Amino acid sequence: MSDAGEVEGVDTAVVEEKVAAAREAVAESDDADAWLSVGRETDVSPEPCFPYLLGFDVVWPTAVIVGPESSAVVLGRHDAPTAREMGVHEVHAYDESIADPLRNVLVGLDAERVALNYDRDDVVADGLSHGLFLQLHDYLPDREFTSASELIRRLRGVKSETEYERVRRAAEETEELLQTAVATWTPETTEREFADFLHERMTDRGLDSAWSWDYCPTVHMGDREVGHTLPADHTVDEGELLHVDFGIRRDGYASDIQRLWVRGEVSDGLREAFRDVRAAIDAGHDVLEAGAVGHEVDAAARAELTDRGWPAFEHAFGHQVGRAAHDGGTLLGPEWDRYGDAPRHEVAVGEVYTMELGVATEWGYVGQEEMVRVTEAGTEWVVPPQTDLRTL
């Protein structure tokens, strides 16, 4: 294959990096000879792996096949020029049916065991629709199918340097936007006005939200119910907290952090609550390293918080961040049924995680969320953590 080319509107640099990583993952797999990702009408029903393996939307059924040493894409003739211009895959175009060229590629790879994108628990590894799954059974009756979830965890979780730099820049801009918003705060500012200010700046800069626009940022002023709530007309009274859960999507990659500010003097009780939250996050952080199991990291943070007399938090301690704020793969969470096997996987070098928890107090929600990258030596902060209460 020729070197990848620049294609307008296509993130060729990331696709080239991730396809190379996918080939390596298949070569090291004990469960599959090839990895097959299939999608169609992707603006309606996106295949979560296509942004990494293909980089553009398609209409007709399209297959990306990754082997240990090469990769190919089988797609409609009208999409073939874009794929050829990218120069990442062997390109096989069709008019009437994907079946024959798909079979021919798998024969050429000598692929009897084929990994498909389905998983019971991980939404980013479960992109294959049931209808396409049935079609693949018809097209490939002699192939053995297995889940590609392990390959996808590796591909999506382990960030290339290009990916990590985008995550880091998104996090830095998130912090900068928050500081800009706080600088305009007055005692009359409401949650809704604070959120609107951030939305206006994001629109001016061409940024998207890391999750649903209406709920990002999530703004809590004072003692009110927390969660993924819409901003309202609450304000911050003397001694109370402004809590913001916020992330942006920049150059295709997301951030996700929580920050706190207090209006006026900090009471001893609030100071103690903040100290305990930071201690619990630090306890989880101390366990977070390559090879750690997700639920063990969660357990360390959870035990530290409850040992200090606070109720346990009712969510996972941490999740991965990448193209989405909740990026699937290994979860730093408890072994609850709703999380499936995600907390039982091991942390890997190159993954980016949040660490988040909080406690409800009379001054408001003392919630913190930090972002870290796992390294060979342990972890590194994506942006500096909030180690002190900030003042409005």
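**Entry 1: a serine in a strand**

I began with Ser 37, whose side chain makes a polar contact of 3.3 Å with the side chain of Trp 35. By polar contact I mean a pair of N or O atoms within 3.5 Å; within protein, one must be able to donate a hydrogen and the other to accept it, and residues adjacent in sequence count only if both atoms are side-chain atoms. Before going on, I noted that this is a predicted model, where local features need pLDDT of at least 70 and side-chain atom pairs count only at pLDDT 80 or more, while totals for chains, interfaces and linings use all residues. Residues are numbered from 1 along each chain as its sequence is written, and side-chain values use heavy atoms, with hydrogens and water left out.

Ser 37 also has a side-chain polar contact with the side chain of Asn 117, at 3.0 Å. I found Ser 37 in strand 1, residues 34-39. Strands (E, at least two residues) and helices (H or I, at least four) are DSSP runs, numbered from the N terminus.

Is Ser 37 buried or exposed? Ser 37 is buried because its relative accessible area is 0%. The cut-offs are under 20% for buried and over 50% for exposed, with partly exposed in between (1.4 Å probe, protein chains only).

I then listed what Ser 37 touches beyond four places in sequence: Cys 49, Phe 50, Leu 53, Thr 62, Ala 63, Val 64 and Asn 117. Contact here means heavy atoms within 4.5 Å.

**Entry 2: on to the threonine**

Thr 62 sits in strand 2, residues 62-66. Thr 62 counts as buried because its relative accessibility is 0%. The side chain of Thr 62 reaches the backbone oxygen of Trp 60 at 3.0 Å. Among the residues it touches, not counting those up to four places away, are Val 38, Leu 54, Val 73 and Ile 98.

How many cavities of 30 Å³ or more does a search of the whole structure find? I got one, and the largest cavity has a volume of about 50 Å³. On a 1 Å grid over the protein atoms alone, a cavity is a set of points where a 1.4 Å probe fits but cannot get out; a pocket is an open set with protein on both sides within 12 Å along at least five of seven lines, and lining residues have an atom within 4 Å of a point.

Val 38 and Ile 98 are among the residues that line the cavity, as are Pro 61 and Ala 63. Helix 5 (residues 130-139) gives the most to this lining, four residues. By class I noted eight nonpolar, one polar and no charged residues.

**Entry 3: the open spaces**

The largest pocket comes to about 940 Å³. Of its 38 lining residues, the closest to the centre are His 228, His 315, Ala 316, His 326 and Glu 356. Strand 13 supplies the largest share of that lining, five residues.

The second largest pocket has a volume of about 500 Å³. Of the 18 residues that line it, Pro 46, Glu 47, Pro 48, Pro 51 and Arg 323 are the closest to its centre. Helix 2 (residues 50-53) gives the most here, with three residues.

Notes: Grid points are joined across faces, edges and corners, and a volume is the space filled by probe spheres set on the points. Ala, Val, Leu, Ile, Met, Phe, Trp, Tyr, Cys and Pro count as nonpolar, Asp, Glu, Lys and Arg as charged, and the others, Gly among them, as polar.
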